[in-house]
Amino acid sequence: MYRPGAFAVDDLAAIHQVIRTRVFATIAAAQGGKVALGYAPVVLDAENGPHGGVRFHFAMRNRLAELQDGDRVHLSVLAADAYVSPDWYRSTVTVPTWNYVAVEGEGGVKRLSRDELRQLVLDLSDQEEAKLAPKPPWKVDKVPEARIEAMLNIIVGFSLSFETLEGKFKLSQDKHADDIAGAIEGLRERSDSTSLATAAAMEKRGAL
């Protein structure tokens with residue numbers, strides 16, 4: 001990932017938080033001389049190696065379900081992102097830009113056993129149900145065991161231990177404080193969820 005110094009982030013806790021918050025990832029691998037892309041929610045395993053790791057699954061008919069132990073994949077998570085108008089800057093005359101938070105990781109995968117796959121499905125639902133509190137969490141015992149087994153028959157699970165993991169938080173850190181404040185104000189006026197999330201990330205980054 002191209003990371004100018006002002007935007008490079010190597011703080012593992014901050015990068016892990018992006019993955020926890022923006023769970024849905026893009027996963028890429030080279031297969032047959034072509035790049036194959038897949039999309040999957042992930043469970044972060046922070047203690048899996050020096051950079052942590054993730055678990056995820058694909059439908060069995062997905063081309064990426066053919067990955068074997070040791071095959072290398074790249075993972076990308078794009079969190080908040082939004083267009084920034086130069087009209088919002090208070091002291092600088094410049095051109096439009098795009099602010100965003102992105103994380104990229106790379107490493108070899110391991111195929112999960114049947115029991116490990118089942119645990120992944122449970123961990124993933126528990127992870128996401130916890131975010132819906134105070135709603136009582138959904139539990140797997142609400143589903144007949146035969147249906148769970150049938151579902152497990154058509155998905156393939158993987159574990160990825162990151163060999164590299166890096167972040168890029170492009171949030172106007174290279175601008176004057178009054179320009180940043182103006183951009184945050186402009187994003188908030190748009191009021192859509194991605195603009196608001198980008199404004200919040202800019203505020204948080206400025207406080208680090």
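Mentor: Let us begin with Glu149, which is partly exposed because its relative accessible area is 29%, where buried means under 20%, exposed over 50% and partly exposed in between, with a 1.4 Å probe and protein chains only. This is a predicted model, in which local features need pLDDT of at least 70 and side-chain atom pairs count only at pLDDT 80 or more, while totals for chains, interfaces and linings use all residues. Residues are numbered from 1 along each chain as its sequence is written, and side-chain values use heavy atoms, with hydrogens and water left out.

Trainee: With which residue does Arg114 form a salt bridge?

Mentor: A salt bridge is counted when a side-chain nitrogen of Lys or Arg lies within 4 Å of a carboxyl oxygen of Asp or Glu. For Arg114 the closest N and O atoms are 2.5 Å apart, and the partner is Glu149. The pair links distant parts of the chain, 35 residues apart, with Arg114 in helix 2 (residues 114-130) and Glu149 in helix 3 (residues 145-152); helices here are DSSP runs of H or I with at least four residues, strands are runs of E with at least two, and both are numbered from the N terminus. The partner asked for is therefore Glu149.

Trainee: Which residue forms a salt bridge with Glu203?

Mentor: The closest N and O atoms of Glu203 and its partner Arg188 are 2.6 Å apart. Glu203 is partly exposed because its relative accessible area is 39%, and the partner is Arg188.

Trainee: Is Arg55 buried or exposed?

Mentor: Arg55 has its place in strand 5 (residues 53-59). Its side chain is joined to that of Asp45 by a polar contact of 2.8 Å, a term for a pair of N or O atoms within 3.5 Å in which, within protein, one must be able to donate a hydrogen and the other to accept it, residues adjacent in sequence counting only if both atoms are side-chain atoms. Because its relative accessible area is 13%, Arg55 is buried.

Trainee: In strand 7, what is the bridge partner of Leu78?

Mentor: Strand 6 (residues 72-84) and strand 7 (residues 97-111) pair in the antiparallel sense over 11 bridges, pairing being assigned if DSSP finds at least two bridges between two strands. Within strand 7, the bridge partner of Leu78 is Ala102.
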